Each structure stands twice: as structure tokens, then as C-alpha cells.
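Welcome! Here is a short briefing for anyone meeting this structure for the first time. Take a look at it below, and then read on.

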There are 2 protein chains.
Amino acid sequence: MYVEQLIEKLGMDNVSQKESILIRHGYDESPHKAVEPDVVCFPTSKEDVQAILEIARNNQIPVTPFGTGSGLEGSSIPVKKGISINFEQMDTVLEFSPENMTVTVQPGITRFRLNDYINSAGLYFPVDPGVDATIGGMVATNASGTTAVRYGAMKDQLIDLEVVMADGTIIHTASKAKKSSSGYLITNLFAGSEGTLGIITEVTLKLHPIPEYTIMARCTFETINECATASQQLLLSGIPLKRIELMDAASVAEVNRQNGYKFSVRPSLFFEFAGAKQAVEAEVELAQTILDNLSCEHWSVALDPDEQQELWKARYDLSYSFQSVKGMDEVGADVCVPIKELPELITYARELIDETGLKGGVWGHVGDGNFHTLILFDPLVNGERQLAESVNEALAIRAIEVGGSCTGEHGVGIGKQKYQELEHGNSLPIMQNIKQLFDPTGILNPGKIFMN
Amino acid sequence: MYVEQLIEKLGMDNVSQKESILIRHGYDESPHKAVEPDVVCFPTSKEDVQAILEIARNNQIPVTPFGTGSGLEGSSIPVKKGISINFEQMDTVLEFSPENMTVTVQPGITRFRLNDYINSAGLYFPVDPGVDATIGGMVATNASGTTAVRYGAMKDQLIDLEVVMADGTIIHTASKAKKSSSGYLITNLFAGSEGTLGIITEVTLKLHPIPEYTIMARCTFETINECATASQQLLLSGIPLKRIELMDAASVAEVNRQNGYKFSVRPSLFFEFAGAKQAVEAEVELAQTILDNLSCEHWSVALDPDEQQELWKARYDLSYSFQSVKGMDEVGADVCVPIKELPELITYARELIDETGLKGGVWGHVGDGNFHTLILFDPLVNGERQLAESVNEALAIRAIEVGGSCTGEHGVGIGKQKYQELEHGNSLPIMQNIKQLFDPTGILNPGKIFMN
């Protein structure tokens, strides 16, 4: 019955129960079990979103937003079924202001398309989680990725959000000013909330000047510990690194094996320096001096785009290398710890993986303290999945114990609910109260973030 | 009776009803009417703060936190009397981690003392509101100041807060990791909340490397509009300016008059470039090229600290110049607008001031869109105060109309309550619901932020 109401409000073309469509909205890139929604809506406006929420409210139907399905923690899987909202028809740039260095977009635009739109004005949106996710999805998971060391996570890019609340009210979380001390700063409540507090219908983002000049570099160290120390020293030097990525030796070996490369099988650091040409050249020189003093090996620098791609190949090919092992499934971790704990945690991760006897790699956004593991298992061999997952579990708990977080950038979704109490302690009931306040009947993406 | 309970819990020495103490906790640097608390507490620990809140809860007594009394919007004035909490005995550095580039402090430490503690490790805490405020007060008002163009406001420095909630629960708003997608991001709810949602007892802050080298510079343009355009062009160029400050011609004239200087009476821009020496030199060269193309005048550069102080003299002496006019009181605005609206708003501010016939200046943190006015009035002349305040009112309303905020960095306190509905619209009831949720009996700094 509510499906007819949806059709009446949104039109036949914007409501689908086709099996292929339902299937596509039931999974993401995570290993979590697929659950298909009962119906998928394709709103074209905030008023459509209001109408969907009104029908959902009146019929007590769960509503789960969906971007491109590239999530890694099941945030968009409608575990309680109901309505999946796909934002592909709300993908417009509403206002681009180069003078303000801001852009206002609908949530369905992807970051590549956004950059295509704005790059000719000399500006870009630098947050880079790897895949071409929607901006709405990136806000909803507080995504970040390789450039967070310089630009921060999604929460740091937000000027204002327009949100349709569970009761149908449309709010703006803030003004369009760059900063404000007015009212309460509620914008970041929605960053990483995975659609559980409201449905985002507009996002105003900070933009950044495209760096004039880029230099990429790579080096290796004998130990992970030395890589971490080097990373700390570079950050302390004040060099505004755009990227600093770590790969452990096992990951390099796997990339070599899969692709026939001959990268030296050592813990490796990958760097991107970007800015005004002379400044970047000075920074690279300084970085090299610092790294030389720390006995780095295989320091190499790439100036032109082709060379740069070549030099970063190992890092780019990394997750694909693991994914492409035939017949194998994978599970991954996403912990983030205070930087001084990073060497211990990465060493611990490596030991845990080695103990399982499974194949796996460790790499990370070493400037933020955020790192990932990827462990391959054979889904047909009894116990292998559990073994792989036990590594994630031990890592998440250890990360929280040393003052870190069970998820640096993928979100809580389905897999990290069980760590919420350990990580948030006394503030978890406060988060639950906020959820209750914003969504009293629990129609917004139920079954996420909290355990029940 | 509750005062005896406070004395019993905190000890005689930590509870005061001395008249001089009460008077000192009744006012700040704003023109708002002083209101003395009934008693001032000097807690030495979070447990003391818990005890104060328990007694306040049981006796339904208002509690208002107090830093150094340097606020500009009356946030620390206990308008409903009751207990003022002074944090001068909670001013310790609890944990300093150069490797993490973070520090955990108690709220009563001031930013100068914090910097004294950490500077020898090559790190600094760059947020600079001018005065030597406490870190707790700076969080509570989401303070920022001249360096926000590069480092952001207080909200952007926060890793984790420890907060005693109205019900006595002690929470940590986040982990100690640099980023996280776990739970809801509640840290920024407390930034700018002026003690109305909980009492902050610990703050973990991001730190930044002390720039190796600094160059300061100054130039003038014929119009405010050209200053704003120049500012936009510099930001678009990607130069990581540490400071870019604007002063209107009337302000320069007043500084000259007060101090006998001969600065050219033109709209002026003041710059600070900071970073690695070669990078800074390259950036200044690029800035000069950009500014030359925009027909700037009187470009001058200072390399050594003495010269630098000399060159920034006009800017430094600015607010003091107005304050030191004998027998005159002053009111000031603190609006923040999208940067492209800045020329119009500043021109409007200048016109409004000129129309009153009163003396006043306009200056601003032009990289953020945040600017201030200061208007002098004679408190003995009937109607002058109202005239001066009418300028503030018109400016606040105009700022909100163009998508900006009534307060960029001073806070809502007492003076900006009346604009909350206009600025926040539908999100104001949500903010009020959050207040109700966190502080159901309304003991935390009542009479602030909201109108009732």
C-alpha cells in the first residue's frame, strides 16, 4: 500500500521494485550479507525526499539512503528492508562560487563529476577515498582517504548541510560563512551518521586551489617502526604533505607477485608534495635531508605525470592485487590510532595476520594514524572466514585500548556496532538519546551504528 | 545552604563569596551589564566539578563557567546569578605528545602558558584571538582570530573533550585518534556552546609545527573592494597565508591620530607568510606579483622581528586606539559572511557608521569573511549608545540575509540571542531540543544562546 503512495507522489518512473534494482541496492563493497530493500525510490528534489519520509513515517517503514554502493561497512544495506533512496537524480551543482571557494551540490553527485565541474576554475575537492563515491555518501560515512593528512576528513569540508529530518522539517545546519560561533555547531552530527539522523539533500563544501606543481616520491626503510618515525619527523617539520602512505613488505611482495614488478620488498613510504613550484621543490629537498638522516633507502622522486604514476604503481595496485586473487574472499580492518601508537599497532596487525597463516597486507594513511589490513580467505574452507575476522576483532579492540578508533574512515555500518560501547563508553547513551530525539520512531536506517 | 554544601565538598579555600571576587566574576570585556554570581567556586579536579553540579542540581542553582573574563559577548556573565566556576586551579598540561602533535590540558590553562609549555618541542597552538584567554573559554566560544585563515577556529583543533554533563556523568566526546567515523561526532556540539550543554574539564588539541621562517608584509589599495579582491586572488593562488588582515581608512586615520604615525590613510592589508624559508620566500614573491597586477600601493615587506613589529604596528594598535579615547564607550560587531559578500558588507558598515556621525572603524579577518566594527559613543549623551547599537543590529541582520552569521568568533552570549531565530530558522528548535536533552532542568549557564 505504501508503495502505491510512493508511486502517486514520485511518479511511476521514480519508484522501482524490479528485481535487478532491488538486488543492486542490497549490497555494497563490504563482505556483509546482502539484504534487498522492498522498494527503491529515485527522488528528484528535497520535496520528493520529504514525501518519502512522510509515507515512511505514516506506515512505519525503514528508509535507507544509497549513493553508489561503494561503502565498505554495509552502511547502505537496508538490513530492515523497506525503502532504499537512490540519489542519482539529485546530482546537480546548485551553486559554485569560486570567490568563496565553496560549492553547493545535491548529494548524488560523485566526486569525479564534481571535480570535472570545478577544476577549470583552478579549484578542486581533494578528499579522496579511492572510489568515485557520491558526496552524500562521503558525508554520511565521514569518508577521508589518502589526502586527509593535509585536508582533513569530510567533516572538515562542510560549510552547511540541508537535511530533511524524520518529521519532514527541512533544516540548514549552518550559514554559508566560513566560520561561526552562533547557535550550536550541529553540522558534524550528520557527518558519519549514515542517514540515521536525517536525510541530506544539499551539501555546501569548502574547495581548495589546485596545487600548481606536484612531486611524488617513494622510499623504503628496514622496519615499519622506522617508517612511522620518518612520518612523524616529516609532519613535525611542517612540510604540508598532500599524501603520505605506508605499505608493509608483505603487501609489496603481493603487488610484485601479481603484476611482475620488482619493487624492493621492504616497508615503503609513498609521498606526494604539492603547492607552488618553488615551495614544493624546497619541501622535497628538506624531506630528503630528513629522510637521509633517518637512513632511508631507495629514495626516488618523480616529476612528470607518467613517472609519477609509475612510482605510485605499487600503492595504486595494492588493494586490487589482493582483490584479484581468484576464488578468495577478503576482510579488512580500518583502525585509527594516535600516531605514536602506530608502529606497535601495525606490528601487532602483521603478527596477527602471520599467525593465521592466511595471506594479507597492511597499509595505511600514516599521517593520520589510520591503517587498513586486507586478509584473504577461502570461503569454502571451514573456519577461514572466522580466522580472518578474528584478526579484525583483535585489532579493533587493541586500537580502542590505546586511545584510538575502530573505524577511521569506513563508518560503523554493520561491522563496527559491536565496538561502539567499548569505544564511546558514557557518551554512547548520549548518542542514542540524540538518535531518539531526531528519529523517535526509528525509521531512519534502522539497525545501524547502535546494536539494536 | 547550598553554599555550605559547596564548602563542605570543595573546602573553604575553594569557595568564595568575597565581594571583590563576586564583582570580578560578574563582567567581561563586553559592554553588557554586569551581574554578580552568588558564589564563586575554584574546583581543582573533575570530581570537584561533578560535586558542584550535583549540588547545583539538587538545589536548582545556575552554574556559569568563567575563564579569564576576556569574552566580548557576556558568555561568562551569570545573568541568573548562582554559581560561577573559575578554572584557574585546573590549568595543568595533563599529557603532551610531540609525536602525536597533540596536547591534553585542563580548561583553565591560558594559550600563552600552553605555548610556553610546548614551544621548545617545535610545536605551537596557533589560534590567536588577541587576548590571553583560557583554552576552556576559547572552546566554549569557538574562538578564532587572526590565524583562522590557515588553521581554522577552535572547533577545528579539537581531538577530544572531557565533559561533566548536567547529570554528573563524565564523558569523552571522542577517542584520541586524529580522525574517526565511529558513533556520532559530538565534539563540536560543545564548541561554542558556552557551558550550556556541559562543563568541559579536559581538552585534547591538535598542535602544529612552529614555522621555520616568517615574513610580514603590508600594502594598501584605493578601495575596500580591491582589498577583498586581492584577498580572494591570494587565497585562490594556494599560498598558505598565516594571517591576512584588513583595516579600513578610518581605522588607519585613528591609529595615526592617536599615536602620531604617518601610515597612508587607505584601506590596508596586512600579511603574514610562514613556513620553510625557501617556500616562504617563493610565496612572498608570488604574492607580490599577484598584488602588483591588481595595482596595490605601498607594498612593503619585513624580514626581521623588529621590522615586522613595526610593520604590523597599525594593526596591533588598532583596537587599543579606539579603546583609549577618553570618556568614550564602545560597541562592536562580529559578523562573518561568504567572502564574495565581504566588500558589500564592509562598505555597508562604513556607510552605517558615517551616517551616525560617530567615530568608528572597520577591520577584519578578510580570509574568513569575518569582520568587526568598533563604534565610540559618549555614554553621557542621550541616544548615542542606541545609535551605535543600531549599526550592529543592521549589520547582523544584513550578514544573515546574505548567508552569513551574526557572530564569527565572539559567541552568542547575551548580545546575539535576538538573531538566533533569523540565523538558524528551523534548526533552532533542534538546538533547543538538544539543550533540553543535555540539561533538562536548565542549570547550565541559563539565559544564554536562546532567548528564554
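**Helix 16 of chain B**

In helix 16 of chain B, the buried residues are B:Ser427, B:Leu428, B:Ile430, B:Met431, B:Ile434, B:Lys435 and B:Phe438. They share the same side of helix 16 of chain B, because the arc they cover around the axis is only 160°. Keep in mind as you explore that this is a predicted model.

- Helix 16 of chain B runs over residues 427–438, twelve residues in total.
- From its first C-alpha to its last, helix 16 of chain B reaches 17 Å, close to the 16 Å expected at 1.5 Å a residue.
- In chain A, the buried residues of helix 16 of chain B pack against strand 9 (170–172), helix 7 (187–190) and helix 15 (427–438).
- Within chain B, their packing partners are helix 7 (187–190) and helix 15 (420–424).

**Helix 1 of chain A**

- Helix 1 of chain A (residues 2–10) has A:Tyr2, A:Val3, A:Leu6 and A:Leu10 buried.
- These residues lie on the same side of helix 1 of chain A, because they cover an arc of only 105° around the axis.
- Strand 1 (15–16), strand 2 (39–41), helix 3 (46–59) and strand 4 (83–86) of chain A are what the buried residues of this helix pack against.

**How the two chains relate**

- Chain A superposes on chain B (RMSD 0.0 Å) through a rotation of 180° with 0.0 Å of shift along its axis.
- That is the relation of a two-fold axis.
- The same surface serves both copies, as 100% of the contact residues of chain A recur in chain B.
- A:Ala279 is the residue of chain A that comes closest to the rotation axis, with its C-alpha at 1.9 Å.

Conventions. Residues numbered from 1 in each chain as written. Chains lettered and ligands numbered in written order. Predicted model: local features only at pLDDT ≥ 70, side-chain atom pairs only at ≥ 80, totals over all residues. Heavy atoms only, no water. Buried < 20%, exposed > 50% of the residue type's maximum accessible area, 1.4 Å probe, protein only. Helix = DSSP H or I, 4+ residues; strand = E, 2+ residues; numbered from the N terminus. Arc of directions from axis to C-beta. Contact = heavy atoms within 4.5 Å. Least-squares fit on C-alpha atoms with pLDDT ≥ 70 in both. Expected span 1.5 Å × (residues − 1).
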